[in-house]
Amino acid sequence: MNDNQTRKTARPRNETSGFFIASWQSLEEGLTLLAGTPERGQLVSETVSALRKAQEAGDPPSKLLLRVLAATAFLADDRPLRSELGGVGAMT
């Protein structure tokens, strides 16, 4: 198989812009399911509220998406929020 044959059989990429739409409630439910610890699960409502405020403050979609991904990673972490040395971890 040569390079020309590979290109012809590959699925063409759609270059039009698409959207992913989810309600804030759906995001909150998903983050609650993904929460790595009960402690982190308790932070979901506050996190979603902060994300909503960021959107209302005019964050561009790319920055808001980055915030959602960071929040997801933070909440899905299964390590305890408090370290054994007495320090407190938090998402800033």
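Does Asp-78 count as buried or exposed, and at what relative accessibility?

## Asp-78, after the helix

Asp-78 counts as exposed because its relative accessibility is 57% (exposed is over 50%, buried under 20%, partly exposed in between, with a 1.4 Å probe and protein chains only). You'll find Asp-78 in the segment after α5. Its C-alpha atom is 5.5 Å from that of Thr-37, a residue 41 places away along the chain. Setting aside neighbours within four places in sequence, Asp-78 is in contact with Gly-36 and Thr-37 (contact means heavy atoms within 4.5 Å).

## What the model is

This is a predicted model, where local features need pLDDT of at least 70 and side-chain atom pairs count only at 80 or more, while totals for chains, interfaces and linings use all residues. Residues are numbered from 1 along each chain as its sequence is written, and side-chain values use heavy atoms, with hydrogens and water left out.

Helix α5 covers residues 61-76, and its 16 residues should span 22 Å at 1.5 Å a residue, which agrees with the 22 Å between its end C-alpha atoms (the expected span is 1.5 Å times one less than the number of residues; helices are DSSP runs of H or I, at least four residues, numbered from the N terminus).

Leu-64, Val-68, Ala-71, Phe-74 and Leu-75 of α5 are buried. They sit on the same side of α5 because they cover an arc of only 130° around the axis (taken from the directions from the helix axis to the C-beta atoms). On the other side, Ser-62, Leu-65, Leu-66, Leu-69 and Ala-73 are exposed.

## What covers it

The cover over the buried residues of α5 includes α2 (24-34), α3 (38-41) and α4 (44-56). Thr-47 lies in α4, and counts as buried because its relative accessibility is 11%. Not counting residues up to four places away in sequence, Thr-47 touches Ala-71 and Leu-75.

Key:
Helices (H or I, at least four residues) and strands (E, at least two) are DSSP runs, numbered from the N terminus.
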